Amino acid sequence: MGNVKRSPWLLHYDGSSCNGCDIEVLACLTPVYDAERFGIINTGDPMQADIFLITGGINKANQEVVRQLYNQMPRPKVVVAVGVCACTGGVFKECYNIIGGADTTIPVDIYVPGCAARPQAIIDGIVKAIALWQEKANNPEYVHAMYESQEEKEEKAEKEENK
Ligand code: SF4
């Protein structure tokens, strides 16, 4: 899927947020901020999503869900952590059940700090995500990795181990 020229779809998942950041994400989709003018569409289906936008921290109950959502997304994909909770665990960091930010579980590409993150900052993160997604789609090495056979992957892992 090299040189992708299409509108990326976005999946929003609320980890364990207080809903403050989620309200701001929703505001981004209203006509006031209108994030869709940048060509993105909000979807509820991870298998159709290119950008994973996560709010709230990772806890023991949602960790596997987040991992599964990420794994179901096709490559190339970009992850955006919105709000300090998704970036680091935020104000809930010391809670008994909080593991930390989204990057404790999946690779995060873009961090949007704030409590709550402002719509302008979220849109900035989305615009950066679109550019990065396009860059990944245009990168031959990254594209090749998408089509590596199981044998090639195993061979590569074995080589890494023997280094
Ligand atoms: S960053 Fe602030 S507003 Fe956003 S989920 Fe955490 S506590 Fe709520």
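Analyst: Start with the buried residues of H1, which are Cys21, Glu24, Val25 and Cys28. Buried here means that 20 or more other C-beta atoms, placed from the backbone, lie within 10 Å of a residue's own, and helices are DSSP runs of H or I with at least four residues, strands runs of E with at least two, numbered from the N terminus. These four residues sit on the same side of H1, because they cover an arc of only 105° around the axis; the arc is that of the directions from the helix axis to the C-beta atoms.

This is a predicted model, so local features need pLDDT of at least 70 and side-chain atom pairs count only at pLDDT 80 or more, while totals for chains, interfaces and linings use all residues. Residues are numbered from 1 along each chain as its sequence is written.

What does that side face? The buried residues of H1 pack against E1, E3, E5 and H4, where contact means C-beta atoms within 7 Å, again placed from the backbone.

Now look at the largest nonpolar core, which has 35 residues. Such a core is a set of buried Ala, Val, Leu, Ile, Met, Phe, Trp, Tyr and Cys residues joined through C-beta atoms within 7 Å. H1 is among the elements that each supply at least two residues of this core, but E5 gives the most, with five.

Notes: Buried ≥ 20, exposed ≤ 12 C-beta atoms within 10 Å, placed from the backbone. Contact = placed C-beta atoms within 7 Å.
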